[in-house]
Amino acid sequence: MPIETIRWVGDENGYAELIDQTLLPIRKEYIKCSDVRQMWSAIRVLSIRGAPALGVAAAMGLVLGLKESQASDTGNLIKDLKKQKEYLETSRPTAVNLFWALERLEAVAFENRTLPPVELKRKLLQEALQIQEEDRRICRAIGRNGAELLNDGDGVLTHCNAGALATADYGTALAVIYAAHQAGMNVSVFADETRPLLQGARLTTWELKEADIPVTLICDSMAAQVMREGKVDAVIVGADRIAANGDTANKIGTYALSIIAKEHGVPFYVAAPISTIDMKLLHGDDIPIEQRDPEEITQWGERRIAPAGIEVYNPAFDVTPAANIDAIITERGVIKRPTANKIETHIE
Ligand code: MRU
């Protein structure tokens, strides 16, 4: 059974519960989000994170936002929806799934504008739960499609966390590992610790250990050496946004990993749902990259590890050019050596 990262409790006046990922692996605790501001903060501080999970969280956040609406007619409810949508869009900029899910709910509201407000709120909750349910099936399909690229005994290196904690089921990059294991393959994992917020060390190792899958933690800077030693047969990462030409934004450090993989002749795969492909952006340079608090780098927990007042640059994501990607794995199959044409045909 995959970990239940986020769930809705009750009807359209209910609330969301999510694992506070900032506490892992020390404590596994659910926090309650009863209003849209709590969900905004949970997204902002990374209590919930990972592109597909952010889609589900944003959709539930919008339902929470509408709980407060006093609108007595649907026209005004839709106006409130637009305000809450704009607010949630300011939480994090890179993962397109967040925007995609909000747009999907807005479209449902527009299609159902003849319904009374109470029924429309119910409909929007159904849509949020539908996004979550679809993501479960998508994770399984990505896992099956990706597992075909692996062989028994392979070592796979992954970066950040693209597993159960980042989705509604058992992940994207990690779905491939889980599916390979279910198919009886003995696949082991090298997890990059993923500076600065350590999603690899804290989350990927935790969830793979829970699933009894062999995992070895390494510092990000060790990836080249581990590949040089011949221990890695494939790199598999998730994605926050894929441009129409295949350029892929993912956690900072992914681009460097793609270069190292190329140098060592190790295949580099991106596993992501089709909802992560942003056909509105022609190439990766247009992907908005989140800039985060300098303290994520200058502090180690409570302790300062850099001189006070030091200049810091802290982009949370980078862009891997399509040329460095051997394949993109989606719920529909595998796009080998991705190009704009191949991606367009794939998603048709
Ligand atoms: O900052 P985060 O933890 O939200 O970054 C997450 C990633 O970079 C993941 O690899 C990506 O969202 C894919 S999750 C299936």
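Two elements, α2 (51-67) and β9 (248-251), each contribute at least two residues to the shell around the ligand; helices (H or I, at least four residues) and strands (E, at least two) are DSSP runs numbered from the N terminus. The model is predicted, so local features need pLDDT of at least 70 and side-chain atom pairs count only at pLDDT 80 or more, while totals for chains, interfaces and linings use all residues. Residues are numbered from 1 along each chain as its sequence is written, and side-chain values use heavy atoms, with hydrogens and water left out.

**Ligand shell**
- The ligand is surrounded by 19 residues, a residue being near a molecule if one of its heavy atoms lies within 4 Å of it.
- R49, A51, R92, N250 and K251 are the closest of these residues.
- Eight residues of the shell are nonpolar, seven polar and four charged; Ala, Val, Leu, Ile, Met, Phe, Trp, Tyr, Cys and Pro count as nonpolar, Asp, Glu, Lys and Arg as charged, and the others, Gly among them, as polar.
- Because domain 1 (6-139) and domain 2 (145-347) both give residues to the shell, the ligand lies between them; the domain bounds come from an automatic or database domain assignment.

**Side-chain contacts and cover**
- An N or O atom in the side chain of R92 is 2.8 Å from an oxygen atom of the ligand.
- For D240, the distance from a side-chain N or O atom to an oxygen atom of the ligand is 2.9 Å.
- In K251, a polar side-chain atom lies 2.8 Å from an oxygen atom of the ligand.
- The ligand has 410 Å² of accessible area on its own, and the protein covers 100% of that area (Shrake-Rupley method, 1.4 Å probe).

**Backbone features**
- The peptide bond from L24 to P25 is cis, with omega near 5°, and P25 lies in the loop between β2 (15-19) and β3 (30-33).
- R195 and P196 are also joined by a cis peptide bond, with omega about 0°; P196 is in the loop between β5 (188-192) and α7 (199-210).
- L46 is not a glycine, yet has a positive phi of about 75°; L46 is in the loop between α1 (36-44) and α2.

Methods:
A polar contact is a pair of N or O atoms within 3.5 Å; within protein, one must be able to donate a hydrogen and the other to accept it, and residues adjacent in sequence count only if both atoms are side-chain atoms.
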